[in-house]
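Please look through the structure below, with its sequence at hand.

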Amino acid sequence: MPRQYFDDFIKLTLPKMAQAISDMTYNYKETKVPAKHYKEALSTGYEEMVEANVSVKLVDTIYNVLSGLEKESPRLFYQALLLLDTGVKPNSLTAEQYQAMTVTADRYEQQKAQSKRAHMLEQEAHDIFNDVLKNGVLYRIEKNSDEGE
(Lines give C-alpha, C1' and ligand atoms only; values in the text may rest on other atoms or scores of the structure.)
Protein backbone atom coordinates (compact mmCIF):
# COMPACT_ATOMS: atom_id res chain seq x y z
CA MET A 1 0.00 0.00 0.00
CA PRO A 2 1.41 3.43 -0.90
CA ARG A 3 2.40 5.85 1.84
CA GLN A 4 -0.30 8.37 2.76
CA TYR A 5 -0.23 11.84 4.29
CA PHE A 6 -1.76 10.38 7.46
CA ASP A 7 1.38 8.30 8.04
CA ASP A 8 3.45 11.47 8.42
CA PHE A 9 0.67 13.50 10.02
CA ILE A 10 0.46 11.33 13.14
CA LYS A 11 4.18 11.92 13.75
CA LEU A 12 3.86 15.72 13.80
CA THR A 13 4.20 17.77 16.97
CA LEU A 14 1.02 19.30 18.37
CA PRO A 15 1.66 22.83 16.97
CA LYS A 16 2.54 21.45 13.52
CA MET A 17 -0.46 19.14 13.56
CA ALA A 18 -2.72 22.07 14.45
CA GLN A 19 -1.24 24.14 11.61
CA ALA A 20 -1.66 21.25 9.17
CA ILE A 21 -5.34 20.92 10.09
CA SER A 22 -5.77 24.68 9.74
CA ASP A 23 -4.23 24.47 6.27
CA MET A 24 -6.50 21.58 5.28
CA THR A 25 -9.51 23.56 6.49
CA TYR A 26 -8.43 26.56 4.42
CA ASN A 27 -8.24 24.33 1.36
CA TYR A 28 -11.97 23.72 1.75
CA LYS A 29 -13.62 26.82 0.29
CA GLU A 30 -10.91 29.03 1.83
CA THR A 31 -12.35 28.56 5.32
CA LYS A 32 -10.09 30.26 7.83
CA VAL A 33 -9.73 28.64 11.24
CA PRO A 34 -6.67 29.61 13.28
CA ALA A 35 -4.21 26.87 14.20
CA LYS A 36 -4.68 27.95 17.84
CA HIS A 37 -8.25 26.58 17.74
CA TYR A 38 -7.06 23.15 16.62
CA LYS A 39 -4.21 23.17 19.12
CA GLU A 40 -6.71 23.77 21.95
CA ALA A 41 -9.05 21.11 20.59
CA LEU A 42 -6.25 18.56 20.28
CA SER A 43 -5.11 19.43 23.82
CA THR A 44 -8.52 18.56 25.26
CA GLY A 45 -8.17 16.21 28.19
CA TYR A 46 -9.05 12.61 27.61
CA GLU A 47 -11.51 12.80 30.52
CA GLU A 48 -13.50 15.52 28.73
CA MET A 49 -13.69 13.45 25.55
CA VAL A 50 -14.76 10.34 27.46
CA GLU A 51 -17.37 12.34 29.39
CA ALA A 52 -18.99 13.50 26.15
CA ASN A 53 -18.98 9.95 24.76
CA VAL A 54 -20.49 8.54 27.95
CA SER A 55 -23.19 11.21 27.83
CA VAL A 56 -24.09 10.25 24.26
CA LYS A 57 -24.17 6.56 25.20
CA LEU A 58 -26.49 7.27 28.14
CA VAL A 59 -28.80 9.33 25.92
CA ASP A 60 -28.77 6.46 23.41
CA THR A 61 -29.72 3.97 26.13
CA ILE A 62 -32.52 6.17 27.47
CA TYR A 63 -33.72 6.88 23.92
CA ASN A 64 -33.92 3.16 23.14
CA VAL A 65 -35.88 2.44 26.33
CA LEU A 66 -38.28 5.34 25.70
CA SER A 67 -38.69 4.39 22.06
CA GLY A 68 -39.58 0.83 23.06
CA LEU A 69 -42.11 2.04 25.63
CA GLU A 70 -43.66 4.44 23.13
CA LYS A 71 -44.03 1.66 20.55
CA GLU A 72 -45.52 -0.70 23.15
CA SER A 73 -48.22 1.73 24.32
CA PRO A 74 -48.19 5.22 22.77
CA ARG A 75 -51.11 6.46 24.88
CA LEU A 76 -49.69 5.34 28.23
CA PHE A 77 -46.28 6.66 27.22
CA TYR A 78 -47.77 10.07 26.44
CA GLN A 79 -49.72 10.10 29.70
CA ALA A 80 -46.58 9.26 31.69
CA LEU A 81 -44.68 12.10 29.99
CA LEU A 82 -47.55 14.47 30.68
CA LEU A 83 -47.56 13.60 34.38
CA LEU A 84 -43.77 13.85 34.53
CA ASP A 85 -43.89 17.26 32.87
CA THR A 86 -46.67 18.56 35.13
CA GLY A 87 -45.10 17.15 38.30
CA VAL A 88 -48.09 14.94 39.12
CA LYS A 89 -47.24 11.53 40.56
CA PRO A 90 -49.34 8.65 39.17
CA ASN A 91 -49.73 7.03 42.60
CA SER A 92 -51.44 10.14 43.98
CA LEU A 93 -53.60 10.96 40.95
CA THR A 94 -56.91 12.61 41.84
CA ALA A 95 -60.11 12.15 39.82
CA GLU A 96 -59.69 15.65 38.37
CA GLN A 97 -56.09 14.97 37.40
CA TYR A 98 -57.06 11.64 35.82
CA GLN A 99 -59.77 13.37 33.80
CA ALA A 100 -57.37 16.11 32.68
CA MET A 101 -54.75 13.51 31.72
CA THR A 102 -57.29 11.49 29.73
CA VAL A 103 -58.70 14.50 27.86
CA THR A 104 -55.19 15.73 27.06
CA ALA A 105 -54.19 12.29 25.78
CA ASP A 106 -57.37 12.15 23.65
CA ARG A 107 -56.49 15.52 22.10
CA TYR A 108 -52.92 14.40 21.43
CA GLU A 109 -54.17 11.24 19.71
CA GLN A 110 -56.60 13.28 17.58
CA GLN A 111 -53.84 15.66 16.51
CA LYS A 112 -51.56 12.75 15.74
CA ALA A 113 -54.26 11.05 13.65
CA GLN A 114 -54.90 14.26 11.70
CA SER A 115 -51.37 15.43 11.08
CA LYS A 116 -49.38 12.23 11.66
CA ARG A 117 -46.84 14.43 13.46
CA ALA A 118 -48.16 15.69 16.78
CA HIS A 119 -45.29 16.84 19.00
CA MET A 120 -44.96 15.89 22.65
CA LEU A 121 -42.74 18.86 23.44
CA GLU A 122 -43.58 22.54 23.15
CA GLN A 123 -43.05 24.08 19.71
CA GLU A 124 -40.36 26.32 21.19
CA ALA A 125 -38.18 23.28 21.93
CA HIS A 126 -38.41 22.24 18.27
CA ASP A 127 -37.72 25.80 17.12
CA ILE A 128 -34.57 26.04 19.26
CA PHE A 129 -33.33 22.63 18.11
CA ASN A 130 -33.91 23.40 14.43
CA ASP A 131 -32.48 26.91 14.69
CA VAL A 132 -29.25 25.70 16.30
CA LEU A 133 -29.07 22.78 13.89
CA LYS A 134 -29.39 25.07 10.89
CA ASN A 135 -27.48 28.17 12.05
CA GLY A 136 -25.27 27.12 14.96
CA VAL A 137 -25.32 28.19 18.57
CA LEU A 138 -23.37 31.43 18.06
CA TYR A 139 -25.98 32.70 15.61
CA ARG A 140 -28.72 31.86 18.09
CA ILE A 141 -26.94 33.62 20.96
CA GLU A 142 -26.29 36.73 18.83
CA LYS A 143 -29.89 36.71 17.54
CA ASN A 144 -31.27 36.52 21.09
CA SER A 145 -28.99 39.29 22.34
CA ASP A 146 -30.06 41.52 19.39
CA GLU A 147 -33.73 40.88 20.15
CA GLY A 148 -33.20 41.74 23.83
CA GLU A 149 -31.83 45.20 23.09
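**Salt bridges, core and surface**

Arg 75 and Glu 109 form a salt bridge, with their closest N and O atoms 2.7 Å apart. The term salt bridge stands for a side-chain nitrogen of Lys or Arg within 4 Å of a carboxyl oxygen of Asp or Glu. This is a predicted model, in which local features need pLDDT of at least 70 and side-chain atom pairs count only at pLDDT 80 or more, while totals for chains, interfaces and linings use all residues. Residues are numbered from 1 along each chain as its sequence is written, and side-chain values use heavy atoms, with hydrogens and water left out.

Helices here are DSSP runs (H or I, at least four residues), as strands are (E, at least two), and they are numbered from the N terminus. Arg 75 is partly exposed, with a relative accessible area of 24%, and Glu 109 is partly exposed at 35%. In these terms, buried means under 20% relative accessible area, exposed means over 50%, and partly exposed lies in between (1.4 Å probe, protein chains only).

Arg 75 also forms a salt bridge with Asp 106, where the closest N and O atoms are 2.8 Å apart. This pair, too, links distant parts of the chain, since Asp 106 belongs to helix 6 and Arg 75 to helix 5, 31 residues apart. Asp 106 is partly exposed, with a relative accessible area of 33%.

How many salt bridges does the structure hold? There are four salt bridges. One of them joins the side chains of Lys 112 and Glu 70, at 3.4 Å from N to O. Lys 112 lies in helix 6 (residues 95–115) and Glu 70 in helix 4 (residues 46–72), 42 residues apart, and the pair links distant parts of the chain. Lys 112 is partly exposed, with a relative accessible area of 30%. Side chains of opposite charge can pair when their charged atoms come close.

Which residues make up the largest nonpolar core? This core has seven residues: Phe 9, Met 17, Ala 18, Ala 20, Ile 21, Ala 35 and Tyr 38. Helix 2 (14–26) and helix 3 (35–42) are the elements that give two or more residues to this core. Helix 2 gives the most, with four residues. A nonpolar core is a set of buried Ala, Val, Leu, Ile, Met, Phe, Trp, Tyr and Cys residues joined through side-chain atoms within 4.5 Å. In soluble globular proteins, nonpolar side chains tend to be buried together.

Some nonpolar residues are on the surface instead. Ile 62, Val 65, Leu 66 and Leu 69 form a nonpolar patch there, with about 340 Å² of accessible area together. Patches are made of residues with over 30% relative accessible area and no salt bridge; like charges are joined within 9 Å, and nonpolar side chains (Val, Leu, Ile, Met, Phe, Trp, Tyr) within 5 Å. Accessible areas come from the Shrake-Rupley method with a 1.4 Å probe, and for residues only the protein chains shown count as cover. Leu 69 is in helix 4 and is partly exposed, with a relative accessible area of 42%. Leu 83, in helix 5, counts as buried because its relative accessibility is 7%. From C-alpha to C-alpha, Leu 83 and Leu 69 are 15 Å apart in space, and they are 14 residues apart in sequence.

Asp 85 is also found in helix 5 (residues 74–86). Asp 85 is exposed, with a relative accessible area of 69%. Together with Glu 122, Glu 124 and Asp 127, Asp 85 gathers in a patch of negative charge on the surface.

The loop between helix 2 and helix 3 contains Lys 29. Phi of Lys 29 is positive, near 55 degrees, in a residue other than glycine. Glu 30 is placed in the loop between helix 2 and helix 3, and has a positive phi of about 50 degrees although it is not a glycine. Most residues other than glycine have a negative phi. Lys 29 is exposed, with a relative accessible area of 68%, and Glu 30 is exposed at 58%.

Terms used: Lys and Arg count as positive and Asp and Glu as negative; His and the chain ends are not counted. The place of a charge is taken as NZ of Lys, CZ of Arg, CG of Asp or CD of Glu.
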